Amino acid sequence: MSDHRTPDAPGMWKAAHGGYGVMFDDDGEPAMLLFGPGAKVRALDSIGPYTRLHPGIPVGSAPVPNLPGLWMDKDGNLLAVSGERRVRIWNNHDWMAEELDDDSGEPSAHGPYTRYSIQAVEEVPWKPEAGDSAPIHEGSRTVHLPDVRSFGRLERDKWLAVKNLEESAELVEACKQYLKACDPTDPSGIGDQFDDHANCLACYGVNVDGELGDDRDKAKAGWIGHVRDQRRQAMLDELADVLQTVGNLITAFGITDEEVGRAMDDCLERNRRKGRL
């Protein structure tokens, strides 16, 4: 990611000297409404530099927003909550900033809500290099998915579509955590955690080094493998949630198994034409 002297597009931003806020077009002029103080800023370069933000992973849900943070309603609109202040910052995918009165009743009319973390946008997201576009045939297989029994809230509405986005975001985060656990450079600090625990035990008179002897490195490798296995299982759990939510959507929208099969055949054909198969 990279810092910006001023925001270059409407959306959520973090100002180094102003906190979090949303930049929007205010009668033809750019302005930023800060979530905390609720102050509108027009001299944007006075509180920069800026980092672009976006909703991260789901961290809770409620009928109405009941904690500070960023919330998404059932229609996919965003609401920023700070103390007693509620600011609607996204409406029908057009960035805006509108402070809502406490007695407006509007928040309760658009529930339930999902609370999201706020993350920095990767300005240069990972993607394969141009030279990596050749088809990869090694290791290709046909994945046979298990039967998915749909259940729960099966309404044909935007909430269920957004639920797929929520579960997919959780799967992405679980995959990232698993990849970190598999990285020999240990970006998650799993090995350091082992050393910290061992040193803590030693502080209380537990002679870990003496008990483990030459097997300390083996024990440390075992601990890293244990965490890696836990994160792999967490990734599988999130994958199952994604399949479950997709199954719910298929049922809610009346999509038949035959239609799913034809859609997959069409997908394969499109990829064959692009040289990916």
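Okay, let's start in a loop: D186 sits between α2 (158-182) and α3 (190-203). Its phi is positive, about 60 degrees, although D186 is not a glycine. Helices here are DSSP runs of H or I with at least four residues, strands are runs of E with at least two, and both are numbered from the N terminus.

Before I go on, a word on the source. This is a predicted model, where local features need pLDDT of at least 70 and side-chain atom pairs count only at pLDDT 80 or more, while totals for chains, interfaces and linings use all residues. Residues are numbered from 1 along each chain as its sequence is written, and side-chain values use heavy atoms, with hydrogens and water left out.

D27 is another non-glycine with a positive phi, about 55 degrees. You'll find D27 in the loop between β2 (19-26) and β3 (29-34). So is D27 buried or exposed? D27 counts as exposed because its relative accessibility is 77%; the cut-offs are under 20% relative accessible area for buried, over 50% for exposed, and partly exposed in between, with a 1.4 Å probe and protein chains only.

Now the cis peptides. One joins G48 and P49, with omega about 5 degrees, and P49 is in the loop between β4 (40-41) and β5 (50-62). There's also a cis bond from G111 to P112, omega near 5 degrees. P112 lies in the loop that links α1 (106-109) to β10 (113-120).

Next up, helix α5. It covers residues 216-252, which is 37 residues, and at 1.5 Å a residue it should span 54 Å; the end C-alpha atoms are 54 Å apart, so the two agree. The expected span is 1.5 Å times one less than the number of residues. Which residues of α5 are buried? Among them are R216, R231 and E238, along with V227, M235 and V242. Further along you also get Q244, T245, G247, N248 and A252. As a reminder, an α-helix has 3.6 residues a turn, so residues three or four places apart point the same way. After α5 comes G254, with a positive phi near 65 degrees.

Finally, the whole thing. The protein has six helices and 10 strands, and 30% of its 277 residues count as buried. Taking contacts (heavy atoms within 4.5 Å), residues 24 or more positions apart account for 61% of those with a separation of 6 or more.
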